Amino acid sequence: MKVLLSWLREFAPGIDGDPGALSDVLSALGLTVEEMTVTGAMPGGVVLGRVLDLRPHPDADRIQLVDVDDGSGSTLQVCCGAFNMAVGDLVPLARVGTVMPSGLEIASRKLRGQASEGMCCSEIELDMGDDAEGIMILNDRVAAGAEPGTPLAEALGLAPDVLWDLEVGANRPDALSVMGVARDLAAGLGVAFEPPDWSTPASGPDISEAVDVKIVDPTLCGRFVGRVLRNVPAGSSPPWMANRLMALGQRPINSIVDISNYVMLELGQPSHTFDLGRVQGARIRVRRARDGESVTTLDGQRRALSAGDGVIADGDDGVIGIAGVMGGASTEIDADTTDVLVEMAWWDPPSISRTAKRLNLSSEASTRFRRGADWGYNVERCMNRFVQLAVEQGAEVAPGMIDERGNLPDRGPLRVRAARVNSLLGTGLSAEQMAGHLRSIGFGVDSAGDTELDATIPSWRWDTETETDISEEVARLHGYENIERTVPTGNEAGGLSPYQKDRRLVREVLVGAGCCETQPVPFVAPGALAAVGLAEDGITLSNPVDDSQSVLRTSLLPGQLGAVAYNQRHFNGDVRLFEIGHVYLPVPEGQLLPDEREFLAVALSGEEAPAAVAVLDLLAEALALPAVELRSAELPGMHPTRSAEVVVAGRARGAVGEVDPEVLEACGVSGRVAWLQIDLQQVLEGPRTRRRYRPVSKYPPSDVDLAFVVPDDVAAAQVERALRASAGSLLTRVELFDSYRGSGVPEGSRSLAYRLRFQAPDRTLTDTEVAEVRQRCIDETSRRTGATLRS
Amino acid sequence: MTEGYEQAYERAAADAEERLAAAADIDAVAGIERELLGRRSVLTEAKRRLGDLDPGERAAAGRRLNAARERVEASVAAARIRLSASGRADRYAAERLDLTERLPQTAPLRRGHFHPVTQARDRLEDVFVGMGYTVEEGPEVESAWYNFEALNIPDWHPARGSFDTIFVNLGQPEEVMLRSHTSPVQIRVMENRKPPIYIVAPGRTFRADTADATHLPAFNQIEGLAVDRNITMGDLAGTIDEFVRAFFGREVKSRLRPSYFPFTEPSAEFDISRPDGSWLELGGCGMVHPNVLSNCGIDPEEWQGFAFGFGIDRLAVMRHEIDDIREFVNNDVRFLGQF
């Protein structure tokens with residue numbers, strides 16, 4: 001909401017002082033100043049000029065020569081690049097020596113040999129608007145009889161002013177008007193707020209002879225106020241009004257539309273005008289729409305209505321407008337209009353909100369109705385103002401006013417406990433101090449003893465209805481900065497959950513292992529899941545920002561491969577990446593939300609499967625995971641002969657190995673990618689090994705090397721398990737140090753060489769003991785796995 | 001005896017000196033030492049035979065023998081010093097390395113990097129943990145109840161439009177969505193737990209914003225919630241202030257300005273001071289709306305609370321002066337490696 005200082009002062013003349021200080025008061029009241037500008041400060045030297053002649057430039061197509069009367073008695077020649085002027089037009093003329101808002105100084109100069117003694121100005125050059133297209137034509141905007149040479153500020157009735165652009169919360173419909181802002185600011189400054197009122201003599205037949213209005217649905221329309229105007233002005237608005245509208249960002253259109261906008265900006269009440277001659281039967285009925293009805297709105301669009309939408313119907317019960325949202329084309333006023341019905345109504349905010357949202361129609365008017373317009377005396381004040389402005393411009397007004405009532409909000413009186421307000425705010429205000437704050441912004445307050453008060457909530461505060469709402473008003477007027485700062489004393493020890501601590505540990509381990517943490521967006525393109533070998537069953541977005549990001553991922557694989565490809569494309573070579581992020585699996589039966597889980601993925605480009613297994617081992621050790629096994633399985637997206645399922649404590653928790661080369665190709669990745677993905681949540685919330693102390697032996701170990709010939713279908717892990725099982729607790733370390741195929745080893749087998757360390761906690765092992773356990777290892781491993789000792 | 005004992009001692013000593021001077025390494029020195037001073041050496045043998053001499057000769061011979069031994073011992077020591085000094089020097093010279101030559105195969109250690117947003121999030125969590133808060137999380141795909149309704153934002157509410165919510169194709173139209181703020185976690189915690197509650201909830205949030213230098217459709221927020229018997233707005237202002245000083249530095253000030261959110265009343269924006277004296281808007285906060293407490297089965301007459309929330313990504317942007325937020329999701333290692 002934009003407001004001008006001069007306009008605010010018409011409601012509270014006491015508003016005065018340094019604009020910056022006023023900005024601070026506005027912000028502290030919750031009317032946050034987004035921008036403050038000093039306006040109407042026209043550069044000295046810009047005057048009204050009259051175009052006397054227009055001639056082509058002899059040597060330039062894009063410039064014309066303009067003779068301008070600047071009031072000095074002589075004629076100036078100006079070279080001008082715009083062609084929207086006609087002889088006789090009044091235009092802004094910047095004389096030689098003028099410093100423009102841009103800093104440009106107008107000099108006497110020659111363009112292609114022709115003298116230019118000044119500049120005709122566009123809106124943007126004078127900082128008066130955004131129009132850069134042509135020269136401002138002022139014929140209709142200056143007071144009658146204004147002579148060339150008059151300083152432009154004087155001719156346009158402009159005076160230096162302050163313009164604030166305020167951010168207004170959805171709970172403050174009242175502050176979407178100059179009057180509402182003035183009320184708050186006056187209270188904040190402690191000066192009087194004195195809203196004017198207007199009255200205008202009426203003439204001709206009474207309104208009751210012109211139109212009949214009934215509210216059929218009282219839950220839709222709380223109040224319908226109407227007056228009838230005759231001979232409404234059809235031209236443009238007077239300059240003072242046009243200037244104010246422009247200052248507040250509203251483009252002047254024509255007299256009646258401008259009055260409607262002016263009253264809305266000034267006092268907060270939207271209005272609608274009907275060409276009474278086109279309202280069938282001169283009858284207005286306010287009701288809800290029926291399914292199947294439709295109406296052509298002012299913008300020419302045919303709009304289908306649904307039950308629940310509020311509508312205005314005419315004597316034939318045909319819809320002629322959508323209540324509070326947009327009027328209908330059939331009763332729009334035009335140059336032939338004589339009699340006009342002006343409507344000012346109070347609409348039920350949820351009803352208007354739903355209709356505006358469903359039709360995707362938002363306007364300044366519907367915004368105010370959605371937030372709750374004023375239902376009290378202000379409706380009449382606004383009507384009085386509308387009539388006064390129209391009559392001032394030549395209209396006549398019929399005697400009498402329609403004032404139909406439906407259901408209006410009941411706002412009081414509300415019992416407010418001072419102790420409760422203080423306990424919420426942490427203040428020690430008396431009931432009387434609270435009453436003072438509330439009265440300053442128009443609340444009615446009756447004291448109900450020392451500890452309570454009865455507050456009547458004003459009709460312009462639809463959103464305000466409870467004791468808590470009242471507390472906010474007290475806090476606002478008391479000043480948030482005047483509330484003493486304390487801290488709660490009731491909180492116990494804070495901390496991260498075991499899961500959150502472990503997740504940090506996972507990150508630390510991976511960063512230590514040289515991996516960079518990535519955070520790709522969790523959406524993928526349609527088909528991206530299938531491209532990495534996964535089921536194309538991702539949940540889709542209804543309104544994606546980008547069609548290439550319209551599916552929720554079910555795996556971290558697409559994002560990680562995308563990151564690998566991005567780095568390869570940017571010549572970063574091979575990378576080690578990881579991500580901890582959510583995946584969104586299909587909705588479980590009987591539930592509404594997806595099966596959302598936190599996964600961990602590690603992608604090592606240019607590396608082979610064992611590198612990913614090494615990362616898994618590192619994590620398993622760091623997290624003390626029990627019994628991590630690799631189980632052969634068909635895994636989507638994975639290299640069929642270089643990957644395995646990760647099984648933790650007997651449960652499948654993910655995949656490790658390499659990404660399928662065909663998937664890599666489809667994703668634009670070159671080389672191999674070693675890959676690990678686990679369901680981090682399940683793993684971290686699953687069983688863990690307790691780290692119990694085992695004394696370290698003080699006695700020397702005996703190391704024994706054994707090489708077995710192992711058939712290809714027997715995994716090394718099986719051999720290792722057999723060794724451990726056969727050696728028992730004397731075996732303290734097993735290390736595979738060689739894997740060999742070739743001469744001396746039969747086809748279909750390989751030789752695996754292990755170094756076994758035997759050690760007892762309480763003695764030095766004898767040669768006999770070592771020999772015994774060695775033999776047991778050989779025998780048992782052969783028996784369990786079919787491996788044979790390599791001689 | 002063809003040679004007098006005196007000559008024998010002299011010759012042995014001189015011979016030792018000569019050989020020790022020529023010795024090439026410590027092992028050779030040790031050999032000569034063993035030969036001349038060991039149990040079967042000439043000098044030891046001579047000492048054993050001193051008893052065979054006439055008593056008159058014995059004392060003089062003993063003195064000469066001792067002198068010879070001392071000469072040999074001194075020569076051995078000198079040879080050891082000579083050889084060990086040059087041996088050390090040669091060895092060190094041979095092992096010389098230029099430590100500024102950093103070949104990848106000789107220095108294979110390379111750490112990875114935490115994402116800058118994670119770093120900001122961890123720092124925030126640490127500050128709030130230090131202030132006595134626990135960290136809670138919730139799903140990123142939410143229902144209208146948690147994202148809006150329980151937060152006092154009914155379907156017709158004008159504030160709904162301002163969230164630019166991304167909806168998903170589940171349930172009724174606009175019934176399921178990517179959460180547009182972290183506030184749903186407040187509801188989930190309050191539904192499941194009785195006060196007192198002191199939590200922060202960091203996490204990913206979503207808005208239908210086209211990605212540009214300052215916007216991403218997926219970004220991160222942190223939410224705070226305290227519900228207890230006597231929580232006041234003064235507690236809110238004091239908590240914000242304590243957080244701001246702990247996170248940004250003791251010299252940074254905070255202020256609250258009235259604002260509007262459907263789920264808090266009174267509501268405020270909070271700003272932090274900049275070195276030039278101006279204020280920077282950081283986030284929103286307020287006293288938990290009684291309707292929100294009631295929606296979670298908490299009696300607003302018995303319990304009061306405050307809540308606050310702000311963006312995490314922006315803190316990382318400010319800290320590292322990042323000029324294009326899209327780098328957060330590009331995952332270029334040249335970017336990630338800077339933090």
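Q: Where is A:Ala649 in chain A?
A: A:Ala649 sits in the loop between strand E32 (638-648) and strand E33 (651-659) of chain A, where strands (E, at least two residues) and helices (H or I, at least four) are DSSP runs numbered from the N terminus. This is a predicted model, in which local features need pLDDT of at least 70 and side-chain atom pairs count only at pLDDT 80 or more, while totals for chains, interfaces and linings use all residues. Residues are numbered from 1 along each chain as its sequence is written, chains are lettered from A in the order in which they are written, and side-chain values use heavy atoms, with hydrogens and water left out.

Q: And what is phi of A:Ala649?
A: Phi of A:Ala649 is near 50 degrees, a positive value in a residue other than glycine. Most residues other than glycine have a negative phi, and most peptide bonds are trans.

Q: OK, which residues does a cis peptide bond join in chain B?
A: One such bond joins B:Pro195 and B:Pro196, with omega about 5 degrees, and B:Pro196 is found in the loop between helix H8 (184-192) and strand E5 (197-206) of chain B. A cis peptide bond also joins B:Glu265 and B:Pro266, with omega about -5 degrees, and B:Pro266 lies in strand E8 (residues 264-273) of chain B.

Q: Switching to the interface, what area is buried between chain A and chain B?
A: About 7,100 Å² is buried between chain A and chain B, of which carbon and sulfur atoms give 54%; buried area here is the accessible area (1.4 Å probe) that two parts lose on being put together, summed over both. In chain A, the residues that lose the most area to chain B are A:Tyr480, A:Arg485 and A:Gln519, together 10% of what that side buries.

Q: How many residues does the contact take from each chain?
A: The contact, meaning heavy atoms within 4.5 Å, takes 85 residues from chain A and 90 residues from chain B.

Q: How many salt bridges does the rule find across that interface?
A: The rule finds eight across the interface of chain A and chain B, a salt bridge being a side-chain nitrogen of Lys or Arg within 4 Å of a carboxyl oxygen of Asp or Glu. B:Asp122 forms a salt bridge with A:Arg504, with the closest N and O atoms 3.6 Å apart.

Q: Which helix of chain A gives the most to the side that touches chain B?
A: Helix H13 (residues 498-512) of chain A does, with seven residues.
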